[in-house]
Amino acid sequence: MQSLQVTIAANPPDRLDKALARDVPEAAALSRSRLARLIAEGAVSRGNEVLTEAKARVSEGEVLTIRLDAPEPVETLAQDIPLNVVWEDGDLIVIDKPAGMVVHPAPGSPDRTLVNALLHHCGDTLSGIGGERRPGIVHRIDKDTSGLLVVAKSDRAHHGLAAQFESHSAHRRYLALCHGVPDAADPRLRGVRGASFEPGNILKITTHLARHKTDRQRQAVLFQGGRHAVTRARVLESFGTPPSVALLECWLETGRTHQIRVHLAHAGHGLVGDPTYGGRRKPAAKALGAAAAAAVEAFPRQALHAATLGFSHPVTQEWLEFHSPIPPDMQALLDTLSERAASREDTSA
């Protein structure tokens with residue numbers, strides 16, 4: 001039997017189930033429907049009081065305990081799928097995930113996921129805390145985002161890693177290609193609620209995020225309710241005359257579902273290739289050149305790569321940091337954009 005303690009944050013929703021859905025660590029992988037079942041089963045308590053009503057009221061600062069049964073035997077199929085293993089020891093494994101691979105089984109993606117591959121690679125050594133269909137998973141990246149993530153192979157590693165992601169002490173940096181170029185001199189951005197700039201022309205976006213009311217596959221920007229989310233981004237390089245596409249370095253103060261994608265779209269700088277948040281923005285052929293504009297328009301996924309991952313080893317306490325090179329598809333797009341920029345420089349010279 002395991003238990004999870006949850007501290008209710010400020011301005012809690014008016015129902016227990018909603019408050020837990022907001023404040024339970026994402027690494028616990030507890031959906032709102034599962035939380036509702038746990039409440040009904042008497043698995044949620046406040047001190048010595050068992051809470052069995054989903055509509056019960058809770059207050060800021062209260063500590064609730066959720067009793068969790070031992071994980072069920074994993075029934076997900078182990079599949080021999082190649083993995084790019086960056087690091088592995090007895091407690092954890094770091095994977096460089098390709099774009100197109102789902103992290104864990106879900107409706108529509110029952111197999112060929114990272115978890116299926118890990119079950120084959122690691123056997124029964126993965127931590128079971130994540131539940132039957134998510135063994136070892138303490139954080140994730142979207143199917144069409146490439147790059148680094150760490151998976152727990154032991155329960156002690158799972159607890160230690162989950163605590164770091166919850167406290168935001170794990171270090172994550174992303175590379176992204178976006179439409180437009182975020183700039184402190186842009187008067188439009190000064191009018192975007194939640195957007196500000198820090199020294200060094202660093203864009204900071206501060207909002208709350210929650211599932212969209214009508215489209216449960218999307219996240220929505222809120223300023224009340226939801227979960228607090230902070231993203232920072234700086235321009236590494238811009239392309240076009242006038243500049244129309246930018247290569248960004250992004251980092252997270254918090255780690256919410258789709259955070260970078262939805263925040264940059266909120267700021268008017270949706271990711272190249274993002275079918276969900278990128279909108280129908282058409283790259284400017286006049287600014288980029290016909291070939292580069294066509295390459296931007298045809299890019300088949302969100303141009304987002306988890307390039308750097310750092311954390312304290314949950315057992316040895318050694319600081320580990322890993323770097324993943326930009327993947328070939330993003331590099332090819334950058335090369336096309338750079339070739340256009342070089343040809344313009346040659347012409348002007």
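**Briefing on the predicted protein chain**

Of the 349 residues of the protein chain, 47% count as buried. The model is a predicted one. The protein chain contains nine helices and 15 strands. Its radius of gyration is 22 Å, which agrees with the value near 20 Å that a compact globule of 349 residues would have.

**Overall dimensions, surface and charge**

- Along the principal axes, the C-alpha atoms of the protein chain fill a box of roughly 75 × 45 × 40 Å.
- Among contacts between residues at least 6 apart in sequence, 65% join residues at least 24 apart.
- The accessible surface of the protein chain comes to about 16,700 Å², and 49% of this surface belongs to carbon and sulfur atoms.
- The protein chain carries 40 positive and 40 negative side chains, and the centres of these two sets lie 8 Å apart.

**Helix α6**

- Helix α6 spans residues 259-266, and because six of its eight residues are buried, it is largely enclosed by the rest of the structure.
- The buried residues of α6 are Q259, I260, R261, V262, H263 and L264.
- The cover over these buried residues includes the strands β8 (171-179), β10 (202-211), β11 (219-222), β12 (227-239), β13 (245-252) and β14.
- G268 follows α6 and has a positive phi, near 85°.

**Residue Q302**

- Q302 is found in the loop between α8 (290-298) and β14 (304-312).
- With a relative accessible area of 3%, Q302 is under the 20% cut-off, and Q302 is therefore buried.
- Leaving aside neighbours within four places in sequence, Q302 is in contact with D142, D144, T145, R261, L271, V272, G273, D274 and P275.
- One of these contacts, R261, is also among the buried residues of α6.

**Backbone features in loops**

- Most residues other than glycine have a negative phi, and most peptide bonds are trans.
- T241 and P242 are joined by a cis peptide bond, with omega about 0°; P242 has its place in the loop between β12 and β13.
- N201 is not a glycine, yet its phi is positive, at about 60°. N201 lies in the loop between β9 (195-198) and β10, and N201 is partly exposed, with a relative accessible area of 29%.
- Q317 is likewise not a glycine and has a positive phi of about 70°. The loop between β14 and β15 (319-323) holds Q317, and Q317 is exposed, with a relative accessible area of 53%.

Note on methods
Residues are numbered from 1 along each chain as its sequence is written. This is a predicted model: local features need pLDDT of at least 70, side-chain atom pairs count only at pLDDT 80 or more; totals for chains, interfaces and linings use all residues. Side-chain values use heavy atoms; hydrogens and water are left out. Helices (H or I, at least four residues) and strands (E, at least two) are DSSP runs, numbered from the N terminus. Buried means under 20% relative accessible area, exposed over 50%, partly exposed in between (1.4 Å probe, protein chains only). Contact means heavy atoms within 4.5 Å. The radius of gyration is taken over C-alpha atoms; the globule rule is 2.2 Å times the number of residues to the power 0.38. Accessible areas come from the Shrake-Rupley method with a 1.4 Å probe; for residues, only the protein chains shown count as cover. Lys and Arg count as positive and Asp and Glu as negative; His and the chain ends are not counted. The place of a charge is taken as NZ of Lys, CZ of Arg, CG of Asp or CD of Glu.
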